Amino acid sequence: MLTHSVVEGSLPNRFRKLWDELAPIGRDPDSGGYLRYAFTAPELALRDWFRAQAASRGMPVTADGNGNLFARWGDPDAGDAVLTGSHFDSVPHGGGYDGPLGIVSAFLAVDELRAAGATPVRPLVVAAFAEEEGARFGVPCLGSRLLTGALDADRAAGLRDADGVSLAEALGARPAGVRPELLGGFSCFVELHVEQGRALVEHDAPVAVASAIWPHGRWRFDFHGEGNHAGTTRMADRRDPMLTYAFTVLAANKEARLRGAHATVGRVRVSPNATNAIPSRVTGWLDARAAEPATLTGLVEAVHAKATDRAGRDGTEVTLTEESATGLVAFDGGLGGRLARLLAAPVLPTGAGHDAGVLAGHLPTAMLFVRNPTGVSHSPAEAATDADCAAGVAALARVLKELTCA
């Protein structure tokens with residue numbers, strides 16, 4: 001039985017009321033950003049919130065053994081369910097909208113449909129996917145990759161966070177891995193997400209439909225040298241991996257600009273990490289993205305070649321390890337075109353990865369973007385107005401009605 005109010009107040013006010021329930025959870029008082037790493041206390045609190053919201057709407061919740069949660073409206077035995085939702089976890093000190101907006105909007109869209117007296121002929125399922133950002137265990141879209149078999153469960157079980165905790169320990173069990181019987185019950189997936197750019201500001205539109213996700217991935221560079229004393233080792237005698245690392249960061253920046261691609265080194269680990277010691281090892285992670293697969297491949301190969309050449313001159317060694325890679329994801333053209341016409345919305349590509357990109361290889365998938373006036377994401381400056389978020393909810397409700405009631 002539905003106990004959650006669906007009729008009181010305007011949609012922007014109802015969005016704000018629900019949003020304010022999440023806003024304090026995991027917020028860092030100093031940065032204003034969020035620390036919602038997968039399966040840590042803040043993210044677990046959000047999962048409890050998810051279960052409570054589902055219960056208040058009479059939507060049973062099931063877990064898939066990979067950390068993903070699913071709340072269902074409709075016959076649990078019926079197939080062809082329409083899947084929507086997003087994720088709760090954040091990058092370190094990230095914004096509040098990236099991920100949770102899609103889940104809050106999904107529950108509010110259910111409210112809108114019920115208030116309008118809609119009777120879906122296909123079940124509607126709201127998902128909360130696990131570890132989308134990869135900030136704790138290093139693999140983005142971890143939950144959806146496990147669900148679809150894109151990531152081996154045994155490999156995933158052994159992934160460890162910075163404190164040495166394995167994914168299996170965080171889950172309390174070995175991940176279940178691929179779930180074809182669950183995926184087979186879904187007819188399509190629509191993910192609503194805050195825009196990670198300012199294109200909608202330029203279009204003067206609150207909502208867009210996604211066309212594709214750029215090829216992207218993460219590569220680990222390990223630089224090995226010789227640890228030594230900072231005060232007694234002559235400059236000519238040094239084998240300093242920090243120099244090779246620094247050169248590689250600059251090379252990545254240059255090669256990306258030459259190709260119209262994106263390259264970022266935003267994470268580094270140094271050993272022994274002492275002010276008065278030459279490092280013995282430096283590890284840096286490259287995030288690389290491009291509009292075309294060949295461009296991305298060429299970028300990573302060029303950076304690796306320059307790093308290797310520099311290592312030879314520095315007396316160091318470098319190894320490259322691909323940690324994750326996703327090819328060009330073109331969302332289902334028929335579904336995307338149908339939604340763009342339904343909403344009279346602009347169609348935009350994105351350079352950001354999403355669970356939708358993983359699921360697109362298994363079922364028709366589409367994405368909706370909600371305008372971000374700052375254009376900033378993965379930062380406390382990430383933003384969206386209540387009016388635009390309400391427009392996103394209304395658009396999602398219209399889409400879900402089209403897909404579940406027709």
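Residues are numbered from 1 along each chain as its sequence is written, and side-chain values use heavy atoms, with hydrogens and water left out. Because the model is predicted, local features need pLDDT of at least 70 and side-chain atom pairs count only at pLDDT 80 or more, while totals for chains, interfaces and linings use all residues.

Let's start with the helices. Two packed helices are described by the angle between their axes and the distance between the axes. Here, axes are lines fitted to C-alpha atoms, for helices over the stretch in contact, and angles run from 0 to 180 degrees between N-to-C directions. Helices (H or I, at least four residues) and strands (E, at least two) are DSSP runs, numbered from the N terminus.

Helix H9 and helix H10 (residues 293-314) have axes that come within 9 Å and cross at roughly 150 degrees. That makes H9 roughly antiparallel to H10; angles under 35 degrees count as roughly parallel, over 145 as roughly antiparallel, 65 to 115 as roughly perpendicular and the rest as oblique. The crossing of H9 and H10 is right-handed, a label used if the near helix is turned clockwise from the far one by less than a right angle, with anticlockwise giving left-handed. By class, the contact of H9 with H10 has ten nonpolar, four polar and seven charged residues. For these classes, Ala, Val, Leu, Ile, Met, Phe, Trp, Tyr, Cys and Pro count as nonpolar, Asp, Glu, Lys and Arg as charged, and the others, Gly among them, as polar.

Next up is the pair H3 (residues 100-115) and H13 (residues 386-405), which pack at about 60 degrees with axes 8 Å apart. H3 and H13 are therefore oblique to each other, and their crossing is right-handed. H3 brings residues including Leu101, Ala109 and Glu112 to the contact, and H13 brings residues including Cys389, Leu396 and Lys401. The contact of H3 with H13 divides into ten nonpolar, one polar and two charged residues.

Helices H1 (residues 11-22) and H2 (residues 41-56) pack at about 140 degrees, with their axes 10 Å apart. In this pair, Leu18, Glu21 and Leu22 of H1 meet Leu46, Trp49 and Gln53 of H2.

A search of the whole structure turns up two cavities of 30 Å³ or more. A cavity is a set of points, on a 1 Å grid over the protein atoms alone, where a 1.4 Å probe fits but cannot get out, and lining residues have an atom within 4 Å of a point. Grid points are joined across faces, edges and corners, and a volume is the space filled by probe spheres set on the points.

The largest cavity holds about 50 Å³. Its lining includes Phe221, Tyr245, Trp285 and Val303. Strand E7 (216-224), helix H9 (241-259) and strand E11 (281-289) each give two or more residues to that lining, with H9 giving the most, four residues. The lining of the largest cavity has nine nonpolar, two polar and no charged residues.

The second largest cavity, at about 30 Å³, is lined by residues including Asp89, Gly94, Glu133 and His378. Its lining has one nonpolar, four polar and four charged residues.

Finally, the backbone. Most residues other than glycine have a negative phi, and most peptide bonds are trans. A cis peptide bond, however, joins Ser271 and Pro272, with omega about 10 degrees. Pro272 sits in the loop between strand E9 (262-271) and strand E10 (277-278). Glu131, in the loop between strand E4 (124-129) and helix H4 (142-148), has a positive phi near 50 degrees.

Conventions: Contact = heavy atoms within 4.5 Å. 1 Å grid on protein atoms, 1.4 Å probe; cavity = no way out; pocket = protein on both sides within 12 Å on 5 of 7 lines; lining within 4 Å.
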